[in-house]
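Work through the following exercises with the sequence and the model side by side. Each task is followed by a solution that goes step by step.

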Protein chains: 2
Amino acid sequence: MDRDNKVSITVIRRLPKYYRYLGDLLRKGINRISSQQLSKMTGFTASQIRQDLNNFGGFGQQGYGYNVDELYTQLGKILGLDKSYNAVIAGAGNLGQAVANYKGFEDAGFKVLSLFDKNPKLIGLKIRDIEIRDVDEMGDYIRRNNVEIGIITTPKENAQDIAEIYMKSGIKAIWNFAPADLKVSDEIVIENVHLNESLFTLSYFLNNKSDYSRD
Amino acid sequence: MDRDNKVSITVIRRLPKYYRYLGDLLRKGINRISSQQLSKMTGFTASQIRQDLNNFGGFGQQGYGYNVDELYTQLGKILGLDKSYNAVIAGAGNLGQAVANYKGFEDAGFKVLSLFDKNPKLIGLKIRDIEIRDVDEMGDYIRRNNVEIGIITTPKENAQDIAEIYMKSGIKAIWNFAPADLKVSDEIVIENVHLNESLFTLSYFLNNKSDYSRD
C-alpha cells in the first residue's frame, strides 16, 4: 500500500461494504468474482470498484476477476480487522446495552470490557457477562486495561464530558452515537453514527423517489 | 427544483449534515453565512458546498453568503421534514427501545405509534407511551393506522420476514438496523444503518491515521 497516496474518505467508507459482500460470497463457497458481478451486488459501477481497489494495490487480474478469499483477507488487514481491540461503553441505557449485546462486533475483534453509567440503579448489573461500573471509575479502568476504543451512548448533554475523560485516559478512537459534534484533539480518531442524518435521508427518498441516481 | 436533473446520492447524504449545522447556527442567532464559513464547520470545501446547494436551485448570493433561516427552511422542505410520518418498530429489544426513546425523531416529525415483538414477556409493556404489541397483529395495525415507515430492529434472521410483512401491508419506507441486505420491491425506499461498517471505518482510521484526505 502506497502510504504517500492519500485515499479519499469516500473510498474508505466503501471498503467495509466490499468486505461484507466478500464475506457473504466466501460463506457461499464462491471463490472468484468479476468487478461486473461485484457491481451487481453492491450497486457501485464496475469501474468504480476497480478504481477503489486499485488504491490499495491491484488485486484481481484482467479477465480473471478477483480471488474472493485473498481480497477478503487483504481488505480485512487494510481495515485492521486482523487485530483485536478493547473497548468500553459510556452510557448503559438501551442504546449502550444494544451495542454491548451486538455479537457481530466481538466476532470482528472488538471486545467490550465494561459499560459505565452514573445511574446507581444500573451500576453492578451485567449485560451478557459485561459489568456496568460507575462512570467515576472509568478513567482508571481504561488506563489499567489497555482500552483503545471508547463508545459514547450517553445523552447529547453528557457526550463532550465523556469525550474529555476518554482523551485524558489515553483512548485512541471514539465511536460516538450521541447527536453531538464532539471536540477532540487531532490524534483521536472519531467516527459518528448520526441516526438523524440516516432518517432524514430516508425521508428525502420517501418524498423524491425517482429524483436521484445511485453512485 | 429541477425534477429532470438527477441528484447524486452522495450529495443527498450531505444534505442532512448541512441541515444539522444550519439548525445549530439558527439556535445561536446567526443569520448569514458564507460557503467558506460553512466549509470550516462541515469539513467540505466551499466549492463543494456551493455545487451541492446549486442542485436544488441557487440559494445564496455571490458576496453575500446564505440566509441561514431561508436555507434551513428550504433544506427542511427538500428533506421532507415539513411533513409528519407515522412509523412502527419491529423488534422491541434494546435497540428497538433505544430508537423508540430517541426524542430527536419525534421533533423532526417522525412519530412511532407502536413497537412489535414476538416475545410474550415484552408484549403489553410500554416504552414512554408506546405500546409493544404482538408481531402477528402488525400488518393489520399498519393498514389501520396509515403507517408509512417501518423500522427493523430485529435480529438478522428475522429481518427479511419483517420486510415482507411491511411490503404486504403498504409500508413505503424501511429503516433497517439489522445487519442484513433486504430484498424489497423497487417502490419501497430502504435506508440501512450498518453499524459494522461504521465500526470498520473507525478501525481503518485507527490503523491508518494519516492515510486519507477528507472530502
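**Exercise 1. Work out whether the two copies meet through the same surface, and what builds that surface.**

Solution. Of the interface residues of chain A, 100% are also interface residues in chain B, so the copies meet through the same surface. This is a predicted model, in which local features need pLDDT of at least 70 and side-chain atom pairs count only at pLDDT 80 or more, while totals for chains, interfaces and linings use all residues. Residues are numbered from 1 along each chain as its sequence is written, and chains are lettered from A and ligands numbered from 1 in the order in which they are written.

Next, count the contacts: 53 residues of chain A are in contact with 53 residues of chain B, two residues being in contact if their C-beta atoms, placed from the backbone, lie within 7 Å. Among the elements of chain A that each supply at least two residues to this side are α1 (9-27), α5 (94-101) and β10 (189-192), but α9(A) gives the most, with 13 residues. Helices (H or I, at least four residues) and strands (E, at least two) are DSSP runs, numbered from the N terminus.

Finally, sort the side of chain A that touches chain B by class, which gives 28 nonpolar, 13 polar and twelve charged residues; here Ala, Val, Leu, Ile, Met, Phe, Trp, Tyr, Cys and Pro count as nonpolar, Asp, Glu, Lys and Arg as charged, and the others, Gly among them, as polar.

**Exercise 2. Describe how chain A is divided.**

Solution. Begin with the secondary structure, which comprises nine helices and eleven strands in chain A. The domain assignment, which is automatic or from a database, then gives domain 1 (9-78) and domain 2 (85-197), and the C-alpha centres of these two domains of chain A lie 32 Å apart. As for overall extent, the C-alpha atoms of chain A fill a box of roughly 60 × 45 × 35 Å, taken along the principal axes.
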